[in-house]
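Here are a few friendly notes to read beside the model. Have the sequence and the 3D view open as you go.

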Amino acid sequence: MTEENRKILERINAYSEQVMGDIDPQKVQVSLQLEKLKPIMQEIADEKGMSLEDLFILYMDLQTEASVKSQQKLKDTLSDINAGDGMPLLFR
């Protein structure tokens, strides 16, 4: 992930915390969540000379990449813990 893309992701996520901090993403439709993010996404799209749709695709790609990295970090941490003599922790 480039530095510019990391800043975009951080900016959208910070805005998301402000406007959706009390929303459970598992219970609220994705379309409603995206509607809440539309103002910041449109602002960034305008700044970058992109369409809103292209920024949305970029955001989804960046979120996926960040999620994969986070998942791998957790998996690595658990494998370090499992190296001991105690009961192993399972990871799926």
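1. A helix here is a DSSP run of H or I with at least four residues, a strand is a run of E with at least two, and both are numbered from the N terminus. The expected span of a helix is 1.5 Å times one less than its number of residues. Helix H1 (residues 3-20) has 18 residues and spans 25 Å from first to last C-alpha, close to the expected 26 Å.

2. Some ground rules: this is a predicted model, in which local features need pLDDT of at least 70, side-chain atom pairs count only at pLDDT 80 or more, and totals for chains, interfaces and linings use all residues. Residues are numbered from 1 along each chain as its sequence is written, and side-chain values use heavy atoms, with hydrogens and water left out.

3. The protein chain has three helices and zero strands.

4. Which residues of H1 are buried? They are Asn-5, Ile-8, Leu-9, Ile-12, Ser-16 and Met-20. These fall within an arc of 95° seen down the axis (taken from the directions from the helix axis to the C-beta atoms), so they line one face of H1. The face turned away carries exposed Lys-7, Glu-17 and Gln-18.

5. The whole structure holds six salt bridges (a Lys or Arg side-chain nitrogen within 4 Å of an Asp or Glu carboxyl oxygen). One of them pairs Glu-4 with Lys-48 at 2.9 Å, N to O; this links helix H1 to helix H2 (residues 30-48), across 44 residues.

Methods. Buried < 20%, exposed > 50% of the residue type's maximum accessible area, 1.4 Å probe, protein only.
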